[in-house]
Amino acid sequence: MREYKLYSSGILYAYFYFEGEKVFFKELDVYKNEFLEKRELTKEKNEEYISFCKIDFLEIAKKFDYYEELFETKEENIITKFDEVYELASKGYYIQRKIKFPKNILLDGNEIVGVLCPNREYASILIKQGYENHTVLSQWEEIKEPIHPVKYEGMFDVLTRDGVKLSTDVFLPADMKENIPTILVRTPYGKELNNQMYFRYVQRGYAVVIQDVRGRNLSEGEWIPNYFEVEDGDDTITWIANRPWSSKKVGMIGGSYLGYVQWAAAASKNPYLSALVSIVCAGSAFVDLPRRGGAFTSGMLAWAFAVSQKKFKPELMERDDWEEVLNIRPLNKIPEKALGYKIDFLEKWLSEKDYNEFWHKSNWHARSQNKEIPALIMSGWFDDNGMGTTEALDLVKDYPIGKRKVILGPWQHSGNSRYDLHGVDFGTNALRFDLDLNFLKWFDLHLKGIENKMDESAPVEYYTVGSNEWKTAQNWPVPQTDQVEIYLTSNGCANTSSGDGKLVFENVENEGIDSYYYDPENLSTHIIDMSENEIEVPEDYTEEEKREDILCYTSEVIKEDFTITGDINVELFISSDAVDTDFMVRITDVDENGRSIKLADGIISAKYREGFSEPKYLEKDEVYKINILTTKISNTFKKGHKIRFTITSSAKNFVFPNSNTKDGYNSEVVVIANNKVHHGGKYLSKIVVRKEK
């Protein structure tokens, strides 16, 4: 019989006993803080554990003997008979590749002594007695808070200033009566969904308050994403501070929309909000979603479908007809034809064409009042909401050290969950097992006043793709970088990757023009899987760059490693025979074999080149300067590689195509635009990167 213990966020949740293919367990009753009697693991209970810790115990039971025989070979790369891919990361430790939520294997000789599984917000570890200190569990010994039983205090209606009731669940440490700091979670996905993942904070001595945002699940009111969250967050935090058990210190945690609501609440300058743990947070409308650079993002439709009813319906994201759905016009007809009903908030979004009071109400970045709320910010280079994190980083850059902490990895929106993305492999160190420890210590420092050296740790930790290193810095943008200008040039034929477009590091004296025809009915592709709902993943654009409507500017072969870290500022001089058009740019890393992998991108509708509030339409063939800020990246272009910069005007699956008319993305009439990029001489089109010293 094999015996193991299951830990998550440093808390022992169960004992597991494997007898052949049968599995028995003793689980922690979190409400009584004691372990229940040993019993056999059923399929239903196993599914609960898969949801909780991403480990399938019944499946592992069938594989233990096979794994031990297979891993005894000590080969560096192993493919199992189940088509699982493992790589030897260090002696006795294999990481699992090509899968979300890998099950890494820890060995002592040929015996499996541990299974380690990271995900976006916490890590779970199945470990044999005596091997705990071979894992991150040794670091959890720093936490001295005893484990508390959980008490469900009840469901309450929080009354907002305009009379709407927000349904709110409260969980308390059962053995504490007063002076309890709170962690608030506000969600559009249903406060009951995976709520047990937050019990770990109750067990560490926090109240946890989980609330359905306005118009969702059991809360009253109209559902307009982002619109009410500043005021509703403010009202909810004040309600918490006035509970008899409250210490009047409130922190917030969560990812994506759950990150957005934190910054919205912070914009209210509520005096009780004392700490944020912002994970892949969504940003303001015209910088992030739904109007990236003024263009209307089609990539968010899968999410819009999932939240189109009062209850969260993730199954509505998964379709095999997205190609047809994205071609429906006008856009407000998409829900009716694809789902059979209207989506009110989508109609509202479509009716508000330019940045105005409607959009400003949800713009937490613009509404921020500079209260220095300690913020731990976690995101990834390939996060859909990466531009939201860019805005958050901008807000905290002047905070004193100790009030800001940043962790940026090679991750997508689902975060710390894959060693490889869409065919791009990262290092064996790409995933972290200490994120949840960082989160808890951040709350302990700022909500409980526990001195734990979090305020002395590196303010910024980030991962460089290519060299596969974790690094530290004092701030973001990283101070130890130099701005480097890289200029566009050609002999007028930069179309396709086989053209003569070049990136050079010196001013270009000779003026030149590259042009292409952008046809809204013949779109270039932003390569994603719509049903995956991940729109910023890296991908191989080698084939796509053979299109005539993509301008490619490529450097000479890099003679020594060249590392860039930060946002990339793009300055282009453009003209068009259309009144409006989009410009989509990408930075790619081209390897020795010509494979071109997207690292970062950005987009702007030309009519918004001077701001989103008032469109300035183009005059035929007049030259204008446009600026585009890309998503973030830290990447080492290895010796022998090339840097590539591409320009086009469409991004199928990412944004709805600009019609090249004044009606922009929502027109049933389209025209073909002749778009030009001017470079050299007085038109110094360039990209500005931050090169590490």
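Which residues have the most contacts inside the largest nonpolar core? Before the answer, a word on the model: this is a predicted structure, where local features need pLDDT of at least 70, side-chain atom pairs count only at pLDDT 80 or more, and totals for chains, interfaces and linings use all residues. Residues are numbered from 1 along each chain as its sequence is written, and side-chain values use heavy atoms, with hydrogens and water left out.

**View 1. The largest nonpolar core has 220 residues.** The ones with the most contacts inside it are F16, F57, I253, W263, L301, F645 and I647. A nonpolar core here is a set of buried Ala, Val, Leu, Ile, Met, Phe, Trp, Tyr and Cys residues joined through side-chain atoms within 4.5 Å; buried means under 20% relative accessible area, with a 1.4 Å probe and protein chains only. Helix 6 (residues 257–267) gives this core its largest share, nine residues. Helices are DSSP runs of H or I with at least four residues, strands are runs of E with at least two, and both are numbered from the N terminus. Look at W263 too: leaving out neighbours within four places in sequence, its contacts (heavy atoms within 4.5 Å) include L276, W364, I377 and L395.

**View 2. F16 and F57 form a stacked aromatic pair.** Rings of Phe, Tyr and Trp (its six-membered ring) pair if their centres lie within 6.5 Å; planes under 30 degrees apart are stacked, over 60 edge-to-face, and the rest tilted. A search of the whole structure turns up 49 such pairs. In this one, the centres are 4.0 Å apart, with 10° between the planes. F16 sits in strand 2 (residues 11–19) and F57 in helix 2 (residues 57–71), so the pair ties together parts 41 residues apart in sequence. F16 is buried at 0% relative accessible area, and F57 is buried at 0% as well.

View 3. F286 is buried at 3%, and Y608 is buried at 2%. Both belong to one aromatic cluster, along with Y227, F228, Y355, F358, W359 and F612. R214 lies over the face of F228, 4.2 Å from the ring centre (CZ of Arg or NZ of Lys has to be within 6 Å of that centre and within 35 degrees of the ring normal).

**View 4. Helix 2 has a kink of about 50°, centred on K63.** The bend at a residue is the angle between axes fitted to the seven residues ending there and the seven starting there. K63 is buried, and other buried residues of this helix include F57, F64 and Y67.

**View 5. K686 pairs up with E485.** Their side chains make a polar contact of 2.9 Å: that is, N or O atoms within 3.5 Å, where within protein one must be able to donate a hydrogen and the other to accept it, and residues adjacent in sequence count only if both atoms are side-chain atoms. K686 is in strand 36 (residues 686–692) and is buried at 14%.

Technical notes:
Buried means under 20% relative accessible area, exposed over 50%, partly exposed in between (1.4 Å probe, protein chains only).
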